[in-house]
Amino acid sequence: MTAHAIRRWFSPEVLRSSVWRLGLHATSLLLPLLLWLVVSHAQVVDPAFLPSPAQVIESLWSMARSGILMADAAASIRRVMLGFLLAVVVGVPLGILMGSFATIRALLEPLSGFLRYIPAAAFTPLLIIYLGIDE
């Protein structure tokens with residue numbers, strides 16, 4: 001394969017073809033699924049940690065029929081919405097105050113600058129320690 005042929009495969013003109021783009025989209029979804037299927041059936045990873053796609057679908061269907069799935073989804077959506085509401089109630093007024101008053105910005109900017117670079121997932125164990133595992 002020549003360098004010209006390789007460059008042609010990665011050119012913007014190729015992506016303008018809807019068939020080619022659809023094929024790339026399908027590949028991006030099917031390739032990980034195929035890899036998951038192969039790895040789970042070869043039992044490279046313990047099935048307790050990586051069940052097969054069929055086991056996952058079977059479990060999903062079982063949870064949907066029993067009503068557990070909807071109850072758990074509703075609880076998760078409720079937590080997300082409450083968290084968003086809390087962020088809006090606290091964040092919007094603080095942002096307006098920091099944008100409007102230089103003294104408040106000077107007071108809170110070091111703290112917000114420090115917290116900005118801490119990944120959100122790092123706060124989860126701390127919140128569990130401080131607040132407990134109940135809601």
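Let's start where helix α5 (residues 68-100) and helix α6 (residues 102-116) meet: their axes come within 6 Å and cross at roughly 125°. Axes here are lines fitted to C-alpha atoms, for helices over the stretch in contact, with angles running from 0 to 180 degrees between N-to-C directions. That angle makes α5 oblique to α6 (under 35 degrees is roughly parallel, over 145 roughly antiparallel, 65 to 115 roughly perpendicular, and the rest oblique). On the α5 side, L94, L97, M98, G99 and S100 make the contact, and α6 brings A102, I104, R105, L108, E109 and S112; contact means heavy atoms within 4.5 Å. Those residues divide into six nonpolar, three polar and two charged.

This is a predicted model, so local features need pLDDT of at least 70 and side-chain atom pairs count only at pLDDT 80 or more, while totals for chains, interfaces and linings use all residues. Residues are numbered from 1 along each chain as its sequence is written, and side-chain values use heavy atoms, leaving out hydrogens and water.

Now step back to helix α4 (residues 53-66). At 1.5 Å a residue, its 14 residues should span 20 Å, and the end C-alpha atoms are 20 Å apart, which agrees. After α4 comes G67, with a positive phi near 90°.

α4 and α5 pack at about 85°, their axes 4 Å apart, and that makes α4 roughly perpendicular to α5. Here L60, M63, A64 and S66 of α4 meet I68, L69 and D72 of α5. This contact divides into five nonpolar residues, one polar and one charged.

Definitions and conventions. Helix = DSSP H or I, 4+ residues; strand = E, 2+ residues; numbered from the N terminus. Nonpolar A, V, L, I, M, F, W, Y, C, P; charged D, E, K, R; others polar. Expected span 1.5 Å × (residues − 1).
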